[in-house]
Amino acid sequence: MLSNLAVRDIETLVHPYTNLATHREVGPLILERGEGVFVYDTAGKGYIEGMAGLWCTSLGYSNEELVEVAAEQMRKLPFTHIFSGRSHDPAIELAEKLKEIAPVPISKIFYGASGSDANDTQVKLVWYMNNALGRPQKKKIISRLKGYHGVTVASASLTGLPANHTDFDLPIAGILHTSCPHHYRFAQPGETELEFSSRLAAELEEMILREGPETVAAFIAEPVMGAGGAVTPPEGYFEKINAVLAKYDVLFIADEVITGFGRTGNMFGTTTYGLKADTLSCAKAITSAYFPLSAVMISEPIYEVLVDQSRKIGTFGHGNTYAGHPVGCAIAVKTLEIYQRDDIVGHVRKVAPKFLQRLEKLAEHPLVGEARGVGLIGGIELVKDKATKAQFEAKKGVAAKSGAFAQDEGLIVRPLGGDRVAFCPPLIINEAEIDEMFDRYERALAKTLDWVK
Ligand code: PLP
């Protein structure tokens, strides 16, 4: 029986990333409050938030310091924009802090409100810059199959997942997709990780040469693929990709929307995997998701172009109302302060061995073909036959079923395409909670095994 609130939900909402036909039958999971790494539904049932919401609530659900700073800023100056040279203290302070912790030399920060609009900005900046530099043909951007970069027209085009393109008339022209670096699923039999990485780098180089290097402007990648399956890169991958990009003067855009701010055991995934990034997109954990805020980190050469163009055109014609929202910036300043004061990176490094050990142990289960992660992010793949890696029929929905059983057990995980399941808990999780999270998922897997038989 659906509750009154559930019925009202069905009558009123279009949910993002939801099978809207099924939703009318099963209804929503309605959450009411959160505490630490737990969230509670309207019946009072608690769940470990094994996904930190959508890879974002890094400091958990009841951080009073963030609530306080938000309330304080709301009272003082709930809004001012930063158009036409207007500014405010939190926007400036946050930009200073971001520059300080950036993993590569950064000149300036451009704010937005979502990961999608940050990546949209990246696309526009690349086009704008190459027009300004008098090379209007250098515009193509290479992304990867199964990469995820958002849902706006440009960022959904960068995304390499069929559901984001089918019947949306995407991708737009000039966006190309190269191979997905998932060794378990796409390596040839007997191919080592290094060999696989070399093959993918060679494919990227062939693509650039085929298109003409003078037409290829940038490459975008997540250090760890999120929505594409919580996939860590194979050995040597980014080193080889860096070399190809440098050879053909192709900018590297690091999409740190998930991996930014400690997730991989360094402040940025760019450091963990040695990306030679020219520019970065950040969002999510920048405010521990307590406020929608994104930041594009801009290098000095790109910034210089923006200044020159402003002189020529009269303005930098880009930006949205909520760019640099004072409440978001104040929360982000406090979030970054907490990360540093509480040594969040040190904490991730301390608990990651337990997380990875429990994650990798899942591979002993008859349904789990692969289990792999880094820091506090990991993915598993459920398969029909571990020896051949044969998959279940997609429409059987085995990963989704394991997610539903996990929910019964009081755990939220994220089933993804290809029967993958992601784990990405709040960074504040402790070892006992990690054990409890995997105990609950192991019980869900046992039920899934009975169900598939
Ligand atoms: N980039 C990455 C790597 C993401 O994981 C996401 C969202 O999950 C986005 C971009 C888009 O961010 P948003 O949903 O805030 O638009």
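Visitor: In the hairpin of β2 and β3, which residue takes a positive phi near 90°?
Guide: This is a predicted model, in which local features need pLDDT of at least 70, side-chain atom pairs count only at pLDDT 80 or more, and totals for chains, interfaces and linings use all residues. Residues are numbered from 1 along each chain as its sequence is written. Strands (E, at least two residues) and helices (H or I, at least four) are DSSP runs numbered from the N terminus. Between β2 and β3 lie four residues, and the one with that phi is Gly44.

Visitor: How many bridges join β2 to β3?
Guide: Two strands pair if DSSP finds at least two bridges between them. Val39 stands opposite Tyr47 in β3, and Tyr40 has Gly46 as its bridge partner there. β2 and β3 (residues 46-49) run antiparallel, and the number of bridges joining them is three.

Visitor: Which residue in the turn between β1 and β2 has a positive phi?
Guide: β1 (residues 31-35) and β2 (residues 38-41) pair in the antiparallel sense over four bridges, and Glu35 has Phe38 as its bridge partner in β2. The two strands form a hairpin with two residues between them. The turn residue with a phi of about 60° is Gly36.

Visitor: Which strands stand at the edges of the open sheet?
Guide: The sheet has four strands with mixed pairing, in the order β1-β2-β3-β13. An edge strand here has a single partner, so one side is left without a neighbour in the sheet. The edge strands are β1 and β13 (411-412).

Visitor: Is Lys146 buried or exposed?
Guide: Lys146 is in the loop between β5 (140-144) and α7, and its phi is positive, near 75°, although the residue is not a glycine. A residue is buried if 20 or more other C-beta atoms, placed from the backbone, lie within 10 Å of its own, exposed if 12 or fewer, and partly exposed in between. Because Lys146 has 27 C-beta neighbours inside 10 Å, it counts as buried.

Visitor: What is the phi of Lys284?
Guide: Lys284 is in the loop between β9 (279-282) and β10 (294-298). With 27 other C-beta atoms within 10 Å, Lys284 is buried. Although Lys284 is not a glycine, its phi is positive, at about 45°.

Visitor: Which residue does a cis peptide bond join to Leu170?
Guide: The residue is found in the loop between α7 (153-158) and β6 (175-178). Omega of the bond is about 5°, and the partner of Leu170 is Pro171.

Visitor: What is the radius of gyration of the chain?
Guide: The radius is taken over C-alpha atoms, and the globule rule is 2.2 Å times the number of residues to the power 0.38. For 453 residues, a compact globule would have a value near 22 Å. The chain agrees with this, at 22 Å.

Visitor: What is the mean pLDDT of the chain?
Guide: pLDDT is the predictor's confidence in each residue, from 0 to 100. In this chain, 100% of residues reach 70 or more. The mean is 98.
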